[in-house]
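Student: I have a model open and would like to go through it with you, one question at a time. Could you help me read it?

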Amino acid sequence: MTAADSAARARPAGPATLITVAPTGAESEKAAVPALPVTLDELVTTAKECSAAGAAVIHVHIRGADARPTLDLGRLNDTVHALRESTDLIVQLSTGGAVTDPYERRLAVLDARPDACSLTCGTVNFGDDVFMNPWGFIKELYAKTQEYGVVPEFELFDLGHIATLHRLLAEMGPPAGGHVHCDLVMGVPGGMPGDADTLVHAVSALPAGATWSATGIGRTSLPVMFAALAAGGHLRVGMEDTITFARGRPVASNAELVERAATLAGLAQRPAMSAAAARDLLGVPDHR
Ligand code: KMH
Ligand code: ZN
């Protein structure tokens, strides 16, 4: 099968654009990036602003009282409840955490019973670090999403991760929600580059019927966004992925990144998708 055949088999994105906001991440320090939301209050305020600006999904990493990344289950529970109470966003908890988080803590994230979670399909060099996702861990995490009915988003940092996704689906069957949705995370130092050629190639290799979004780290944010819109994909933006809005100008808020994405999606005649439509697309029940 040619790449073009494979791309044609992937489900077209439809008229609207699913926008995910990833507001915090685990890598930036609050002291260096004051606009980063790290407290629960800051996260809820950010979530409300991003929802109003057009986001439908929030990809959540949380911080402790010291503003450092944590996977503390009590805090995760509080976060899921607070976001559900204050917005209609789909709450997607990160199971990637920080590169230092042990597998057991990453698996335990699902005990907070989020709507959705990230599930990275392979190990990748991550700047000076390594983001570890061996096959045994991927399978264990996937089995837990199936058992708990938590809808996974398959995070793909490299082309080999797509091969692992095919292997996972072949061995373990469809995800909770019944629909495969992927996120191409591009431009990580050590992962696939954030450019249009790579994006088109990656999309051509996705499973038939899958939908996908893309995000470009740092300066690849805009090229990846334009390429994703042109190729019929959805978008992820946020301060997890970029802290610079334009050359020499730090991001002021996550909402301005969502606003820019929604504006570009509108110009592409594919306006931002509502959270309700995103739930339908992804097969995410409304737990509120
Ligand atoms: N913080 C990275 C090491 C995820 O959220 O699932 C992993 C990450 C992926 O951000
Ligand atoms: Zn993340």
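Student: Is His179 buried or exposed?

Tutor: This is a predicted model, in which local features need pLDDT of at least 70, side-chain atom pairs count only at pLDDT 80 or more, and totals for chains, interfaces and linings use all residues. Residues are numbered from 1 along each chain as its sequence is written, chains are lettered from A and ligands numbered from 1 in the order in which they are written, and side-chain values use heavy atoms, with hydrogens and water left out. Buried means under 20% relative accessible area, exposed over 50%, and partly exposed in between (1.4 Å probe, protein chains only). With a relative accessible area of 7%, His179 is buried.

Student: Which side chain makes a polar contact with the side chain of His179?

Tutor: His179 sits in the loop between H6 and E10; helices (H or I, at least four residues) and strands (E, at least two) are DSSP runs, numbered from the N terminus. A polar contact is a pair of N or O atoms within 3.5 Å; within protein, one must be able to donate a hydrogen and the other to accept it, and residues adjacent in sequence count only if both atoms are side-chain atoms. At 2.7 Å, the partner of the His179 side chain is that of Thr211.

Student: What is the bridge partner of Asp183 in E11?

Tutor: Two strands pair if DSSP finds at least two bridges between them. Strand E10 (residues 181-186) and strand E11 (residues 211-216) run parallel, joined by 6 bridges. Within E11, Asp183 has as its partner Ser213.

Student: Which residue of E10 is the bridge partner of Glu155?

Tutor: E9 pairs with E10 in the parallel sense over 3 bridges, and 5 bridges join strand E6 (residues 116-120) to E9, also in parallel. In E10, the partner of Glu155 is Asp183.

Student: How many residues of strand E9 are buried?

Tutor: In a regular strand the side chains alternate between the two faces of the sheet. For E9, one side carries Val151, Glu153 and Glu155 and the other Pro152, Phe154 and Leu156, all of them buried. For strand E9 (residues 151-156), the count is therefore 6 of 6.

Student: How many strands form the closed barrel?

Tutor: The order is E1-E2-E5-E6-E9-E10-E11-E12, with parallel pairing. From one strand to the next, the twist averages 30 degrees; axes are lines fitted to C-alpha atoms, for helices over the stretch in contact, and angles run from 0 to 180 degrees between N-to-C directions. The number of strands in the closed barrel is 8.

Student: Which residues coordinate the zinc ion (ligand 2)?

Tutor: Donors are N, O and S atoms within 2.8 Å of the metal (3.2 Å for Na, K and Ca); water is not among the atoms, so sites may look incomplete. The donor residues are spaced H-x1-H-x178-E in sequence. His59 lies in strand E2 (residues 57-60) and Glu240 in the loop between strand E12 (234-237) and strand E13 (244-246), so the pair ties together parts that are 181 residues apart in sequence. At 2.1 Å, the zinc ion is coordinated by His59 (NE2), His61 (NE2) and Glu240 (OE).

Student: Is His161 buried or exposed?

Tutor: His161 belongs to helix H6 (residues 159-172). Leaving aside neighbours within four places in sequence, its contacts (heavy atoms within 4.5 Å) include Thr120, Cys121 and Glu155. At 4% relative accessibility, His161 counts as buried.
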